[in-house]
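Hello,

Here is the structure for you to look over. My notes follow below.

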Amino acid sequence: METVLAIVCGCLVAGGIYLLLSQNLVRMLFGLIMLSNAVNLAIFVAGGLTHTQPALIAAGDSVPGASMANALPQALVLTAIVIGFALLVFMFVLFYRSYEVLGTTDTRRMPEDGPARAYPSQNTTTRQEMGP
Amino acid sequence: MTNLLIYPILLPFATAVGSLLLWRRPALQQTLSLIGSAGHLAACLFLLAAVVQDGIQVLAVGNWPAPYGISLVADHLSVLMLMVTGILGTATALYARGEMAISLRSQGFHALFQVLIGGISGAFLTGDLFNLYVWFEVILMASFGLIIWGQGRAQFVGAVRYVVINLLATLLFLLGLALLYGLTGTLNMAHLHQQIMTQESHGLVTAVAFMFMAAFGIKAGMFPLFFWLPASYHTPPIAISALFAGMLTKVGVYALIRTFSLVFLHDTATTHAVLLVAAGLTMVTGVLGAAAQNEFRRILSFHIISQVGYMLLGLALWTPLALAGAVFYLVHHMIVKANLFLVSGLSRDCSGTLELPAMGGLYGAKPFLAVLFFIPAFSLAGFPPLSGFWAKLLVIQSSLEAEHYTVAAVAVLVGLMTVYSMVKIWIEAFWKPSPDFGPDQRAIVPSAWKIAPVCALALITLCIGIGAEPVYQLADTAARELMAPQVYVRAVLGGAGP
C-alpha cells in the first residue's frame with residue numbers, strides 16, 4: 001500500500017512541477033494544488049499506514065488499547081489541508097485580480113517592471129485612492 | 001517555566017483583533033497599532049532581560065510536557081531576533097503613520113501588519129518544527145496581503161512571483177517535515193536532535209536536510225533561489241517593503257541557523273560544506289546584481305541577497321566566532337537595511353522618483369537627509385566605526401581562522417563592491433546636480449512621523465558601531481549556546497529527557 005501511495009505522490013509532484021513550469025497562471029494554480037495534495041498525502045503515508053483501530057479511547061478506559069492508529073499525522077494533514085486551502089483561495093483571487101489589472105494570464109507577457117512602468121511618478125496617496 | 005514568552009506573540013494578535021474591531025474608526029486604529037507595537041517592543045525587551053539573567057526560558061504551552069506538546073523556547077538567538085523585530089515593528093509602524101493616509105481605505109492595514117509581527121515573533125520563539133511551519137504560513141498570509149497593498153500595477157507582477165515561489169518553499173518545507181516525522185516520529189526540535197543522533201540511516205536524514213535547506217534558502221534569498229526577491233521587494237509602499245527587507249529573509253536565515261545548529265548535525269561535512277559554497281555564491285551574485293541596477297530600492301534588494309551570504313557564511317564555517325559573527329551580522333543588517341528602505345522613502349518624497357538617473361541634488365537641498373542616508377549606507381558597506389564594520393570583521397576573521405582563504409577574499413571583495421553601489425546611489429541621488437524637471441526639493445518637508453524612525457534607527461546603528469562590545473557579548477553567548485545544543489535540549493526536555 002505504501003509503495004502505491006508513494007508512486008501516486010511521485011506522479012502528483014511530477015504533474016505539479018510540470019504545470020508550474022508552464023507560463024500560464026491558471027496552469028500554475030493547478031500545479032500548486034496538485035503539489036499541495038501530494039505533500040498532504042506524503043505526510044499521511046510517512047506517518048505509517050497500519051490496519052488498526054481508530055485513535056479513540058474506549059469508554060471507561062483512561063489509556064488507549066494496544067494497537068491504535070497514530071493520530072498525529074492525521075492532525076498534521078488536517079492542519080495542512082486547512083492552511084493550504086486558505087492559501088489557494090487567496091492565490092485564486094490574486095491571479096484573477098492580476099488578470100483584471102494586467103490583462104493577461106501569461107507570465108511572459110506581464111510587464112517587466114522596468115523603470116518607466118514601475119514608477120509613473122506616482123505618490124502613495126494616489127495608490128491609496130485606488131484602495132484595496 | 002514562565003509566561004513571559006507568550007506576550008511577544010499575544011500582544012500583536014490582540015492588537016490585530018482590536019484594530020479589526022475598530023474597523024470604522026481609522027484614527028483610533030492607527031493609535032492602537034502604535035501602542036501595540038510599542039508594547040510588543042517592551043515585551044521583547046523584558047524577555048531579553050529575563051534570558052540574559054536566567055538563561056534559556058521555556059514555556060510548555062497548555063502545560064503539555066515536551067516532546068508531546070508545543071514548547072516555546074527563548075534562547076539568546078531568539079531574544080536578539082525578537083528585540084530587533086520589536087524595534088523594526090515600532091519604527092515601521094511610526095513610518096506607516098506618516099505614509100498611510102488615515103482613511104476608511106486603510107482599514108485592513110494595521111491588522112495585517114500586526115499579524116505579520118506576531119507571526120515573526122512566533123517563528124522566533126517556537127521549539128517545534130510543525131509549529132514553525134504554521135508560523136511561516138501566518139507570516140505568508142499577512143505578507144501576501146501587504147505586498148499588494150494599494151494594488152498598483154507593478155505590485156501585481158511582483159506579488160504573483162512572490163506568492164508562487166513562497167508557496168513552493170512552504171510545500172517543500174512541509175514535505176521535508178513529513179519525511180522527518182516518518183524517520184524519527186517526533187517534531188520537537190530538541191527531541192529531534194536526540195533522535196537524529198541515534199539514527200542509523202544518515203543518508204535519508206541528509207536528503208531531508210537538503211529539502212529544508214532549499215525551503216529556507218528560498219525564504220532567505222540564498223543562491224540560486226533568490227530571483228523572486230528583487231522582482232517583488234521594490235513594489236509595495238515604503239513602510240511595508242522596509243519591514244519585509246528587514247525581517248522576512250532574516251526569518252529564513254534564522255530558520256536555517258536553528259535547524260542546522262540543532263537538528264541536522266549528523267553530517268556537517270556535507271551539509272555545511274554545501275552551505276559554504278552557497279554562501280559565497282550568494283554574496284557574489286547579489287552584489288553583482290546590484291551593480292547592474294539603476295533604481296534605489298532594487299539596488300537595496302540585491303544587497304539583501306549579498307548580505308544574507310555573509311550570515312550563511314557564518315553558519316557554514318561552524319565555529320563559535322563565525323556564529324557570533326553571523327548573529328551580530330543579523331542584528332546589524334536588519335536595522336540598517338530597514339533604515340535604508342525608509343530613507344529611500346524620504347528621498348522619494350523629495351525627488352518624486354526612485355529612478356537614480358532622474359534624481360539628484362538632494363545633498364544641496366536636504367543635507368540632513370544626506371546624513372541620514374550616509375550612516376546606514378556606509379554601515380552596510382562596512383566602514384569603521386559603524387556597525388557593519390564589526391559584523392564583517394567577525395565573519396572575515398573567522399573564515400581566516402578556519403583557513404577558508406578563498407571565501408575570506410570573496411567576502412572582502414564583496415564589501416568593496418557594496419561600497420561601489422552605495423557610492424553610486426550617493427552620487428546619483430545626492431551629489432550630482434538636480435535635473436531641471438521635477439518638484440522644488442527644498443519646499444518639500446517629509447512628515448515628522450517619517451523622519452523620527454529613520455533618526456532612531458540611525459542612532460541605533462551608531463550605538464552598535466561605537467559600543468559594539470555589549471552586542472558582541474550577546475552574540476557570543478548566543479553562538480556558544482548554538483554550538484552546545486545539549487543545553488537547549490536539557491532546557492526543553494528537562495533532565496535526561498524521555
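What radius of gyration would a compact globule of 498 residues have, and what does chain B have? The globule would come near 23 Å, and chain B has 22 Å, which agrees. Please note that this is a predicted model.

Chain B overall: the C-alpha trace spans about 70 × 55 × 40 Å along its principal axes. Its secondary structure comes to 20 helices and two strands. Of its 498 residues, 64% count as buried. Take the contacts in chain B between residues at least 6 apart in sequence: 80% of them join residues at least 24 apart.

Next, helix α7 of chain B, residues 189–197. Its buried residues are Met189(B), Ala190(B), His191(B), Leu192(B), His193(B) and Ile196(B). What covers them includes α5, α6, α8, α10 and α20 of chain B.

Then the contact between the chains. Chain B puts in 39 residues and chain A 38 residues. On the chain B side, α5 and α6 each supply at least two residues. The most comes from α6(B), with 17 residues. By type, the chain B side divides into 22 nonpolar, 11 polar and six charged residues.

Last, a loop residue. Gly467(B) sits between α18 and α19 of chain B. Is Gly467(B) buried or exposed? Gly467(B) counts as exposed, because it has 12 C-beta neighbours inside 10 Å, and a residue with 12 or fewer is classed that way. From Val274(B), Gly467(B) is 193 residues away in sequence and 35 Å away in space, C-alpha to C-alpha.

Best wishes

Terms used
Residues are numbered from 1 along each chain as its sequence is written. Chains are lettered from A and ligands numbered from 1 in the order in which they are written. This is a predicted model: local features need pLDDT of at least 70, side-chain atom pairs count only at pLDDT 80 or more; totals for chains, interfaces and linings use all residues. A residue is buried if 20 or more other C-beta atoms lie within 10 Å of its own, exposed if 12 or fewer, and partly exposed in between; C-beta atoms are placed from the backbone. Helices (H or I, at least four residues) and strands (E, at least two) are DSSP runs, numbered from the N terminus. Two residues are in contact if their C-beta atoms, placed from the backbone, lie within 7 Å. Ala, Val, Leu, Ile, Met, Phe, Trp, Tyr, Cys and Pro count as nonpolar, Asp, Glu, Lys and Arg as charged, and the others, Gly among them, as polar. The radius of gyration is taken over C-alpha atoms; the globule rule is 2.2 Å times the number of residues to the power 0.38.
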